[in-house]
Amino acid sequence: CPSDIISTVEFNHTGELLATGDKGGRVVIFQREPESKTEPFSQGEYNVYSTFQSHEPEFDYLKSLEIEEKINKIRWLPQQNAAHFLLSTNDKTIKLWKVSERDKRPEGYNLKDEEGRIKDISTVTSLQVPVLKPMDLMVEVSPRRVFANAHTYHVNSISVNSDYETYMSADDLRINLWHLDITDRSFNIVDIKPANMEDLTEVITAAEFHPHHCNLFVYSSSKGTLRLCDMREAALCDKHSKLFEEPEDPSARSFFSEIISSVSDVKFSHSGRYLLTRDYLTAKVWDLNMESKPLETYQVHDYLRSKLCSLYENDCIFDKFECAWNGSDSVIMTGAYNNFFRMFDRNTKRDVTLEASRESSKPRAVLKPRRVCAAGGKRRKDDISVDSLDFTKKILHTAWHPTENIIAIAATNNLYIFQDKLNSEMH
Amino acid sequence: MECAVDAQSLISISLMKIHNSRTQRGGIKLHKNLLVSYVLRNARQVYIKEKYAEIYRMQQYEEVRTVCNEIQELNPLDLDSEDADDEDQARAACCGDETSLCHRGAAQPAVHVRAPSTLLGCCPFEDSSKESEPCEYRSCCMEASPVSHFDPFSADNIRHCNKTTVLDLDTHVVTTVENGYLHQDCCCDALQGGQGAQSPAKKRKGEFGGCVSEAEDVSDFTAARKRAKREDCSYSNPDYTETSNISNLISIFGSGFSGLLSRQADLEQICSKQALAGLGAWTRAIVAF
């Protein structure tokens, strides 16, 4: 069922909640069960907490365009009271949702009975004070804000600022800054639309606020560049503070050079010191202090380099893979094809390829590392040849728990949650 | 997963993608179309380079042929050492790039110069059963010459029609861009003038069908060359129904991201105009970006 395809995955700031959005506009929130001594095997497992319809398909009559209900991104707000808040966005509209629990209800009203019907006054002989009685837990989700009509182009990113008051939304050509309480206006902070659209050469592909400095944010482009902007320098941040760009290798030039250099995701490290980017074939770690080239480059699936033409034909070359840091910024993770995902340890320089599939992962079984070998190359047992890869099984969305070694992997319409029991703490 | 990494097929695949994106749910994806236009540009650059090389080779071949004519006039059967040298040179020139020079003759009856020697016998793709008289000097490649076909597309034809309507999604301003894109009727006339065997372009019927070979036809910058290649999509009864869909895309491509178009060589300009000319472009292409 195509509307079940998961389109975004995000842990909240404590890792207690995990939200997924899908192509049908639904959001499913999972909650981690508290570790219980009585049932050792359900320690810290995630179960469905709430499900709601976030966005519906819309039609823009002026432009004769259908607006997809697919959830492009979900971002949690830091928790400030008992309720949880998250932002969800489709191509055009961002919504703020309040997720709260209700486990008590008032009983003993004077003027109405238990079913809510108005009592006959003549039957009221005495007054009572209503009391709160426990009830079965109910999770209520309600839309608190709708931020609409601010984007002409397709929204690809949202990012909550560390000031907890503002957030930004980015589309192909513009980035807008919002106040969480104000829905009828936003500030445009980046605009790369050329005066003449014929001169368009690049678009914005992702954007994120710095985790600690509320004035700094980064956005990536389809040309493979990153721009760090400082909102204190100017109201319109068209001039970047820093430009991160790696010069192109002229010997690697092909018909598809521009496509594979387009950055599909950018993430600040938890420390705020590094940036992680993903393009079609690689993942790169950048040091904020070095603009000339990345600190580290990891080949995710270089064996695809000779297959770019076929991947262009079947549109796979346009797939946008996301990337993630672990809590201590020592390991990075990203998805690939055939339901494979890869992790790279920045310190040991070791990497592993794992598979998210029912067949290869029974609950609580240890994942077996996989290997892809080039066609015609030396093949070990259990290796997969490049030509046997299933390109319809792609892992575009992954998330890492903020503090523990728990990862969430979205494989088409299935969500896998893997936990590293041996090494629960970050190294 | 093999796929032809040649410029022409990439061009047609890219155009198909741009076309399909217009009917995709959620509206035109600016990012994807921008990336596709880069592939289109890259493929076009390669294609033009190949064309340059081909023209150059053909010019060389023309010179060789002239030499052969002269030799034949002198004495068709007299092969003295001097002429043998010329022939060798000529043969070398011809055989230097067999695949590109002669392979086009695969679908066409390949006539070759017989005297003074089997000059084109080096061409492996020729149909040896069609050995024609020495006086026929039309090469297998002549029809595909882009140079000769540029002439019919004179400035007059191009000037007729050129309107592209651009709708800016932000300001909702509609502007009409006059950029030398050809009117459907004009293209037709130009084509008829140039080829002399075309029927008028039909009205656009509807969705682009799955005929890949048709797509390749219209995406080629030189329609005649494609005709030589694709006999099954013969031009004896040209159907421009689907081509007009694709030509519309060419207009869109041309008017959008023209910053990607190289404006360095006149030949390139002519090529792009010719591409549009050969495709029965719409009078008005609505571009919503």
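Student: In strand 12 of chain A, which residue is the bridge partner of Val160(A)?
Tutor: This is a predicted model. Strand 11 of chain A pairs with strand 12 (residues 166–170) of chain A in the antiparallel sense, over 4 bridges. Within strand 12 of chain A, the bridge partner of Val160(A) is Tyr167(A).

Student: Which residue in the turn of the hairpin formed by strand 11 and strand 12 of chain A has a positive phi?
Tutor: The hairpin of strand 11 and strand 12 of chain A has 5 residues between the strands. In that turn, a positive phi of about 60 degrees belongs to Tyr164(A).

Student: Are the residues Ser157(A), Ile158(A), Ser159(A) and Val160(A) of strand 11 buried or exposed?
Tutor: In a regular strand, side chains alternate between the two faces of the sheet. Ser157(A) and Ser159(A) lie on one side of strand 11, with Ile158(A) and Val160(A) on the other. Both faces are covered, and all of these residues are buried.

Student: With which side chain does the side chain of Asp387(A) make a polar contact?
Tutor: Asp387(A) is found in the loop between strand 28 (384–385) and strand 29 (397–400) of chain A. Its relative accessible area is 45%, so Asp387(A) is partly exposed. At 3.0 Å, the polar contact of its side chain is with the side chain of Lys307(A).

Methods. Residues numbered from 1 in each chain as written. Chains lettered and ligands numbered in written order. Predicted model: local features only at pLDDT ≥ 70, side-chain atom pairs only at ≥ 80, totals over all residues. Heavy atoms only, no water. Buried < 20%, exposed > 50% of the residue type's maximum accessible area, 1.4 Å probe, protein only. Helix = DSSP H or I, 4+ residues; strand = E, 2+ residues; numbered from the N terminus. Pairing = 2+ DSSP bridges. Polar contact = N/O pair within 3.5 Å; in protein donor to acceptor, adjacent residues only side chain to side chain.
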